[in-house]
Amino acid sequence: MDERTRAILHIDLDAFYASIEQRDHPEYRGKPVIVGGSPDRRGVVATASYEARKFGVHSAMPSRTAQRLCPDAIFLPARFEVYRAVSQQIMTIFRQQTALVEPLSLDEAYLDVTDAVRTLEEAVRLAQEIKQQIWGQTQLTASAGVSYCKFLAKIASDAHKPDGLTVIPQEEASAFLEALPIEKFFGVGKVTTAKLRELGIQTGADLKHMGEERLRDLFGKHGGQLYRYACGVDDRPVEPVRERKSVGKEVTLERDIRDRSEMERILENLALQVERRLAELGIAGKTLRLKVRWSTFELVTRASSREQGFQLAQEMLPILRTLLSELVDGKRAVRLLGVTVSSLVSPNEMRRARQIVMPSLWHDEHVQV
Ligand code: TTP
Ligand code: MG
């Protein structure tokens with residue numbers, strides 16, 4: 001390979017939780033399967049099999065809505081332990097090819113395979129080989145993207161799902177990006193999309209024409225990054241080990257708000273996302289932190305710790321409400337809200353702590369200190 005050109009793969013399993021359920025329950029194959037919370041208990045969809053997606057069902061949708069769209073869907077609870085075990089299998093397959101593996105979640109990772117290949121064609125062959133190994137060892141399909149940077153590799157893996165393999169060579173990147181709708185650009189959320197649409201910006205070509213300065217004026221640092229992506233420039237390295245110190249979610253609001261009940265609704269949503277991530281990782285945390293950015297951009301945080309830890313949204317919410325009431329006075333408007341759990345511990349440690357702190361929740365015979 002050219003000295004400065006990298007070969008980056010992004011590999012992402014198809015309908016991950018749902019495919020595992022169909023693999024383990026052959027009677028569900030070819031049928032609409034939804035993994036997630038139950039429709040009767042205000043649950044949300046974690047993911048849906050491609051058969052269910054045809055009806056418009058997607059991740060994060062209320063399960064009740066999903067049931068209305070697809071009345072024949074089979075609803076199943078998540079089995080995180082099984083998903084984590086499969087995740088370890090695929091990460092092992094990746095690490096046999098290169099030490100430069102950066103997992104993004106249980107079912108996806110970036111691989112820098114620059115040193116393993118001489119040409120981009122070889123990188124494509126390697127991606128094919130990895131897909132076959134995944135199929136051979138797990139009976140699951142993955143989609144792969146191959147390019148010279150992370151951003152394009154990720155977009156490529158999404159381009160022909162399921163079981164896809166898409167390559168975006170450097171010489172085709174410019175044409176590809178010009179035609180790309182703005183919402184496909186990495187990190188372009190709903191707020192940014194709406195703002196850009198208002199300005200008549202639809203594609204990568206429009207972004208490029210806007211110019212770096214204008215994008216920076218509108219979106220700050222993020223605008224600069226957006227411009228570089230639109231030009232096909234993404235130098236971010238694949239970072240193999242990232243020791244996790246916290247699990248958090250935050251949201252910049254579409255408009256500044258003062259209403260406390262609206263803030264609480266947003267916090268509930270954030271807490272549910274943190275709960276999901278903790279469950280995926282199989283961890284819990286002892287410290288819960290609320291982050292608030294005022295409309296003046298000033299940032300404040302408040303934290304609370306407890307020995308028995310935080311794992312479920314319903315455990316976080318009462319504390320978050322208290323922390324919120326310490327900060328919010330109804331006068332100042334809020335621009336951003338965030339929820340983070342840190343001082344992470346394994347569930348075993350946590351279980352032990354819970355048995356000590358909350359013995360009333362356990363039958364006597366289960367109390368083992
Ligand atoms: P994704 O890779 O985003 O989705 P997917 O693998 O189900 O489908 P595909 O990649 O083919 O589009 O997420 C991986 C898993 O993470 C998914 O199977 C379930 C879980 N998940 C949630 O629990 N909630 C969510 O909102 C999302 C996006 C994913
Ligand atoms: Mg996936």
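**A predicted model with a magnesium ion**

Q: Why does the arrangement around the magnesium ion (ligand 2) count as octahedral?
A: This is a predicted model, where local features need pLDDT of at least 70, side-chain atom pairs count only at pLDDT 80 or more, and totals for chains, interfaces and linings use all residues; side-chain values use heavy atoms, with hydrogens and water left out. Residues are numbered from 1 along each chain as its sequence is written, while chains are lettered from A and ligands numbered from 1 in the order in which they are written. Donors are N, O and S atoms within 2.8 Å of the metal (3.2 Å for Na, K and Ca), and water is not among the atoms, so sites may look incomplete; six donors count as octahedral if opposite donors are over 155 degrees apart and all others between 65 and 115. The ion's six donor atoms make the arrangement octahedral because they subtend angles of 82 to 178 degrees.

Q: Which residues coordinate the magnesium ion (ligand 2)?
A: In sequence, the donor residues are spaced D-L-x93-D. Aspartate 12 sits in strand 1 and aspartate 107 in the loop between strand 5 (101-105) and strand 6 (108-112), 95 residues apart. At 2.1 to 2.2 Å, the protein donors are Asp12 (OD), Leu13 (O) and Asp107 (OD).

Q: How much of ligand 1 does the protein bury?
A: Let's start with polar contacts, here pairs of N or O atoms within 3.5 Å. An oxygen atom of ligand 1 is 2.6 Å from an N or O atom in the side chain of tyrosine 50, and a backbone N or O atom of alanine 15 lies 2.8 Å from an oxygen atom of the ligand. Taken alone, ligand 1 exposes 550 Å² (Shrake-Rupley method, 1.4 Å probe), and the share buried by the protein is 80%.

Q: Which residues of helix 6 are buried?
A: Helices here are DSSP runs (H or I, at least four residues), and strands are E runs of at least two. Helix 6 (residues 150-159) is largely enclosed by the rest of the structure, because seven of its ten residues are buried. They are Lys150, Phe151, Leu152, Ala153, Ile155, Ala156 and Ser157.

Methods: A polar contact is a pair of N or O atoms within 3.5 Å; within protein, one must be able to donate a hydrogen and the other to accept it, and residues adjacent in sequence count only if both atoms are side-chain atoms. Four donors count as tetrahedral if all angles lie between 85 and 135 degrees; four count as square planar and six as octahedral if opposite donors are over 155 degrees apart and all others between 65 and 115; anything else is irregular. Buried means under 20% relative accessible area, exposed over 50%, partly exposed in between (1.4 Å probe, protein chains only).
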